[in-house]
Amino acid sequence: MYCQSFAYGRLDVTIPDPITRLKERYDDLKDLITDLRVDINYLQGLCDDYERILKEHGLL
């Protein structure tokens, strides 16, 4: 798809200025942190559930 777009002259291959690249990197990292926080909350919930189950059965 990108090869065809490039061949037809519709693919923008200009390199953005350093400030724009830094902003894009910042936004990407911010999104990654948000996703990781969601994952951490999910995994913490699982750990809490397993700990509760182990305590109920006297294994912890």
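**Entry 1: salt bridges**

I began with E56 and R52, whose side chains meet in a salt bridge at 3.0 Å, N to O. For a salt bridge I asked for a side-chain nitrogen of Lys or Arg within 4 Å of a carboxyl oxygen of Asp or Glu. The model is predicted, so I kept to its thresholds: local features need pLDDT of at least 70, side-chain atom pairs count only at pLDDT 80 or more, and totals for chains, interfaces and linings use all residues. Residues are numbered from 1 along each chain as its sequence is written, and side-chain values use heavy atoms, with hydrogens and water left out.

E56 and R52 are separated by about one helical turn, because they sit four residues apart in helix 2. Helices here are DSSP runs of H or I with at least four residues, strands are runs of E with at least two, and both are numbered from the N terminus. I then looked up exposure: E56 counts as exposed at 55% relative accessibility, while R52 is partly exposed at 43%. My cut-offs were under 20% relative accessible area for buried, over 50% for exposed and partly exposed in between, with a 1.4 Å probe and protein chains only.

A search of the whole structure gave me two salt bridges. K55 forms one with E51, and the closest N and O atoms are 3.3 Å apart. K55 and E51 also lie in helix 2, four residues apart, about one turn of the helix. E51 is partly exposed, at 34% relative accessible area.

**Entry 2: surface patches**

Next I went looking for patches, built from residues with over 30% relative accessible area and no salt bridge; like charges are joined within 9 Å, and nonpolar side chains (Val, Leu, Ile, Met, Phe, Trp, Tyr) within 5 Å. I found a negative surface patch formed by E24, D27, D28, D31, D35 and D39. Asp and Glu count as negative, Lys and Arg as positive, and His and the chain ends are not counted. I placed each charge at NZ of Lys, CZ of Arg, CG of Asp or CD of Glu. D28, for one, lies in helix 2, residues 18-56.

L29, L32, L36 and I40 form a nonpolar patch with about 350 Å² of accessible area together. That area comes from the Shrake-Rupley method with a 1.4 Å probe. L32 lies in helix 2 and is partly exposed at 43%.

**Entry 3: cysteines**

How many disulfides are there? I counted zero, taking a disulfide as a pair of cysteine sulfur atoms within 2.5 Å. C3 is exposed, at 66% relative accessible area, and C47 is partly exposed, at 45%.
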